[in-house]
Amino acid sequence: MKRTSRYALWLGLLAVPACAQSIDQAAQPAAQLAEPPAVTEAAPDAIPATVVVEGRRPGPGVWKVSKGAHVMWVFGTYAPLPQKMEWDASRVERLVAKSQEVLMPPVAKAHIGFFRGLTALPSLIGIKRNPDDAVLHDVVPSDVYAHWTVLKAKYIGNDDGVEHYRPVFAGEELLLAGLKQSGLSYGGEVLGTIEDIAKKNKVKLSDSGYDVMLDDPRKLVRDFKNSQVDDLVCFTKTLKSLDIDLETMRVRANAWANGDIGEIRGLNFAERQDACLDAILNSSITKDAAALRQMRERLRISWLKSAEKALAGNASTFAVLEIQDIVGPTSYLAGLQARGYAVESPR
């Protein structure tokens, strides 16, 4: 199952659909790269790795939001998770089965129409690549490229194709390769299981995000492909903190898998993702797409509206959020609490 994210718009539209990506990779010529700068930076010292849990695990408990006789059970998801973990969904299944509605995580969805989407597809080919067929060492400082070369050899290996990627996408490839080596995966199995449980029990599934209407998706993609993106901060943060980030993700994955709420609360969820998302959202794609601006806050407002509607209309609602939206600094549940709802966390 594909990775699901509240930022599905930029992951889906800009990270290239699978069919377009395969065409893009097939169309890439054999790399004719200029001689890269000499690598003078030594590989960082190895960080003792946390052992990633395996087997059947319960995941975290659920938060309870209530007002009067109306209750909402809120479950927090996290990614990446251990590749060899099997999630025990029995507790969630009991709560979903007695609910009238399952509120899915908020997602910004791009709506361009089926046929318009087909006509826009060819323009997506090559969207990951730098303008003018530049390669990474042409667009990043030499010391940053030297660091990239060390980490690429460690996690990706001999892949010249990624050298043509924009820094934000090259960094994403590096992170995904590191996750794989660390025994972690960005799969959407947990959310998929919840969807299956809801369908099995004939419980209504509801969106909680908002729609992004794109008047001219081909122009948006074309402008992005021809423009420079200020993604050096994203790329540099990825390189500087990759080994530490991978270790942190292992700790978080274990905490989620074991349902350790105390450990989850103690984790800092401020990630490099924000710098990388900002690189995209502050680029030319938002110049003519007002619905993309202030995406984080719009998603939060949209979810709060959907949650209040569900709480008012149902005796029992089951909601799914990313865990950082529950315990992070901009907690959605704190927003409900400020509006007079009682919030109880699991023990």
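Axes are lines fitted to C-alpha atoms, for helices over the stretch in contact, and angles run from 0 to 180 degrees between N-to-C directions.

This is a predicted model, in which local features need pLDDT of at least 70 and side-chain atom pairs count only at pLDDT 80 or more, while totals for chains, interfaces and linings use all residues. Residues are numbered from 1 along each chain as its sequence is written, and side-chain values use heavy atoms, with hydrogens and water left out.

**The whole chain**

Display the protein chain as a cartoon: it has 15 helices and 12 strands. Helices (H or I, at least four residues) and strands (E, at least two) are DSSP runs, numbered from the N terminus. Of the 347 residues, 52% are buried; this word means under 20% relative accessible area, with exposed over 50% and partly exposed in between (1.4 Å probe, protein chains only). Among contacts (heavy atoms within 4.5 Å) between residues at least 6 apart in sequence, 85% join residues at least 24 apart.

**Helix 3 and helix 8**

Select residues 90–97, which are helix 3, and residues 189–200, which are helix 8. They pack at an angle of about 40 degrees, with their axes 10 Å apart; helix 3 and helix 8 are therefore oblique to each other. Five of the contact residues are nonpolar, none is polar and two are charged. Here Ala, Val, Leu, Ile, Met, Phe, Trp, Tyr, Cys and Pro count as nonpolar, Asp, Glu, Lys and Arg as charged, and the others, Gly among them, as polar.

**Helix 6 and helix 10**

Next, select helix 6 (residues 142–155) and helix 10 (residues 232–258), whose axes lie 10 Å apart at an angle of about 40 degrees. The crossing of helix 6 and helix 10 is left-handed. Among the residues that meet are V144, H147 and W148 of helix 6 and F235, T236 and L239 of helix 10. The residues of this contact comprise eight nonpolar, two polar and three charged.

**Aromatic rings**

How many aromatic pairs does a search of the whole structure find? There are six; rings of Phe, Tyr and Trp (its six-membered ring) pair if their centres lie within 6.5 Å, and planes under 30 degrees apart count as stacked, over 60 as edge-to-face and the rest as tilted. Select W87 and W256: their ring centres are 6.3 Å apart and their planes stand at 50 degrees, so the pair is tilted. W87 belongs to strand 5 (residues 85–87) and W256 to helix 10, 169 residues apart.

**A loop serine**

Finally, select S208, in the loop between strand 9 (204–206) and strand 10 (210–213). Is S208 buried or exposed? S208 is buried, with a relative accessible area of 0%. Not counting residues up to four places away in sequence, S208 touches L103, M104, P105, P106, S302, W303 and S306.

Technical notes
A crossing is left-handed if the near helix is turned anticlockwise from the far one by less than a right angle, and right-handed if clockwise. Angles under 35 degrees count as roughly parallel, over 145 as roughly antiparallel, 65 to 115 as roughly perpendicular and the rest as oblique.
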